[in-house]
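The sequence and structure come first.

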Amino acid sequence: MTAVKRAAVIGTGTMGPGMGAVLERAGVEVALYDVSDEQLEKARPGVELARSVLDRLGDEGDGGAGVAELRFESDLAAALDGVDLVVEAVPEKLELKQQVFADFEQHVPDDAILASNTSGIPITKIAENLEHPERVIGTHWSNPPHLIPMIEIIPGERTSPEVTETTQELVRQIGYYPCTLKKEVPGFVENRVLYAIMRECLALVDEGVVDAEELDLNVKWGIGYKLAVVPPMALLDMAGLDIYNAVASYLNQDLSDEKGVSSTITERVDQGKLGIKTGGGLFDYDAERAAQLQKERAAALVAVRKALS
């Protein structure tokens with residue numbers, strides 16, 4: 001398969017603008033699509049923010065290819081015309097994704113790759129009703145996509161090796177790290193690890209062991225700080241497998257195995273307290289504080305990414 005030169009990003013919610021900006025910066029011509037001009041207007045500030053962050057990252061964030069064109073489209077056929085790659089970023093509903101992928105097949109060239117940014121829906125399920133499931137693959141970007149330089153690649157049961165290889169090369173082309181899964185599991189790798197951490201953190205808060213602020217301090221400057229440099233499997237070797245074996249033999253029995261969702265979360269969701277976007281969740285935020293946090297966190301992630309490169 002040929003290198004990816006033209007792409008369409010479908011959906012301009014949380015992830016689409018940043019993904020589009022990254023592809024643009026790496027020299028890929030991008031059409032950013034949503035169903036209405038109103039939605040596209042809402043996406044423009046996100047694209048500009050991502051571009052400004054990529055400017056701060058410099059050459060390290062763009063794969064060295066130079067900036068291409070990014071345009072906004074509310075006509076699906078126009079967005080998909082002549083593309084080598086489609087990246088779907090619509091809401092996490094299987095039926096919706098199946099429908100949009102069926103729509104893609106009506107408009108894209110025969111050799112175009114159809115990628116989903118799903119956080120955990122099996123790629124095989126998304127592709128099961130398509131004429132050409134062999135060209136469907138998962139590309140799970142992390143949020144914020146213009147800052148986290150790792151993309152999970154998830155082949156479905158019928159994804160062709162050529163599609164997998166071309167997708168891996170694209171990820172390298174944009175200056176990111178591909179992590180290719182050997183088989184599909186719900187949530188893939190990143191979210192399974194993340195949600196295991198979140199479950200234990202919430203259990204510790206629910207049980208009154210620690211409050212939310214102290215827990216965040218502990219994780220940020222304890223395991224979080226360490227894991228950014230020494231990841232889990234390497235950490236096992238560094239600490240000693242005998243030590244892990246001894247501690248896990250008693251500690252694993254006491255860790256949370258909750259199958260439901262913490263009441264700390266469900267109660268707040270029922271009250272409409274959803275986090276920064278509603279002005280409060282586990283913590284409270286006004287507009288000024290939310291903007292300040294966004295700026296501070298972006299700067300910190302840029303600094304960490306440069307330090308780890």
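## Helix 7 against helix 8

Contact here means heavy atoms within 4.5 Å. The model is predicted. By that cut-off, Cys201, Leu204 and Val205 in helix 7 meet Ala212, Leu215 and Val219 in helix 8. The residues of this contact divide into 6 nonpolar, no polar and no charged.

Two packed helices are described by the angle between their axes and the distance between the axes. Helix 7 spans residues 190-206, and helix 8 spans residues 212-227. Their axes come within 10 Å and cross at roughly 140°. The crossing of helix 7 past helix 8 is right-handed.

## Helix 1

Helix 1 covers residues 16-25. Of its 10 residues, 10 are buried, so the helix is largely enclosed by the rest of the structure. The buried set includes the glycines Gly16, Gly18 and Gly20. Pro17, Met19, Ala21, Val22 and Leu23 are also among the buried residues. So are the charged residues Glu24 and Arg25.

Just after helix 1 comes Gly27. Gly27 takes a positive phi of about 95°.

## Cysteines

How many disulfides does the structure hold? The count is 0. A disulfide is a covalent bond between the sulfur atoms of two cysteines.

Is Cys201 buried or exposed? Cys201 has a relative accessible area of 14%, which is under 20%, so Cys201 is buried. Cys179 has a relative accessible area of 30% and is partly exposed.

Definitions and conventions:
Residues are numbered from 1 along each chain as its sequence is written. This is a predicted model: local features need pLDDT of at least 70, side-chain atom pairs count only at pLDDT 80 or more; totals for chains, interfaces and linings use all residues. Side-chain values use heavy atoms; hydrogens and water are left out. Axes are lines fitted to C-alpha atoms, for helices over the stretch in contact, and angles run from 0 to 180 degrees between N-to-C directions. Helices (H or I, at least four residues) and strands (E, at least two) are DSSP runs, numbered from the N terminus. A crossing is left-handed if the near helix is turned anticlockwise from the far one by less than a right angle, and right-handed if clockwise. Buried means under 20% relative accessible area, exposed over 50%, partly exposed in between (1.4 Å probe, protein chains only). A disulfide is a pair of cysteine sulfur atoms within 2.5 Å.
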